[in-house]
Amino acid sequence: MSKLLLDLAERSAWTGAQAALGLVVVELADVPVWWAAPVALALASAKSWVAGRLGRRGTASTLPAAKDPASHATGV
């Protein structure tokens with residue numbers, strides 16, 4: 001259960017960070033707030049690039065493989 005919570009926390013943190021950074025960028029650029037959505041999508045793409053280099057292949061996680069719940073077999 002703790003691995004599920006860790007995964008959920010990581011995904012929630014990234015989503016919150018992307019949304020917050022999107023709003024900060026549009027505020028600093030003094031452009032309409034609707035630009036926050038495309039900025040957040042660009043940040044999501046950057047996160048995907050980072051995850052491809054840091055996380056386990058085939059997952060969207062930025063956690064190291066040892067901490068990534070998707071990296072461990074879970075008997076069914």
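Asp30 counts as exposed because its relative accessibility is 70%, where exposed means over 50% relative accessible area, buried under 20% and partly exposed in between, with a 1.4 Å probe and protein chains only. This is a predicted model, in which local features need pLDDT of at least 70 and side-chain atom pairs count only at pLDDT 80 or more, while totals for chains, interfaces and linings use all residues. Residues are numbered from 1 along each chain as its sequence is written, and side-chain values use heavy atoms, with hydrogens and water left out.

Asp30 sits in the loop that lies between helix H1 (2–29) and helix H2 (36–54); helices are DSSP runs of H or I with at least four residues, numbered from the N terminus. The phi of Asp30 is near 55°, a positive value in a residue other than glycine. Most residues other than glycine have a negative phi.

The loop between H1 and H2 also holds Trp35, which is partly exposed, with a relative accessible area of 39%.

Turning to the helices, Gln18 is found in helix H1 and counts as buried, because its relative accessibility is 13%. Leaving aside residues up to four places away in sequence, Gln18 touches Ala40, Leu43, Ala44 and Lys47, a contact being heavy atoms within 4.5 Å. Ala46, by comparison, lies in helix H2 and counts as partly exposed at 40% relative accessibility. Ala46 and Gln18 are 28 residues apart in sequence, and their C-alpha atoms are 10.0 Å apart in space.

Key: Helices (H or I, at least four residues) and strands (E, at least two) are DSSP runs, numbered from the N terminus.
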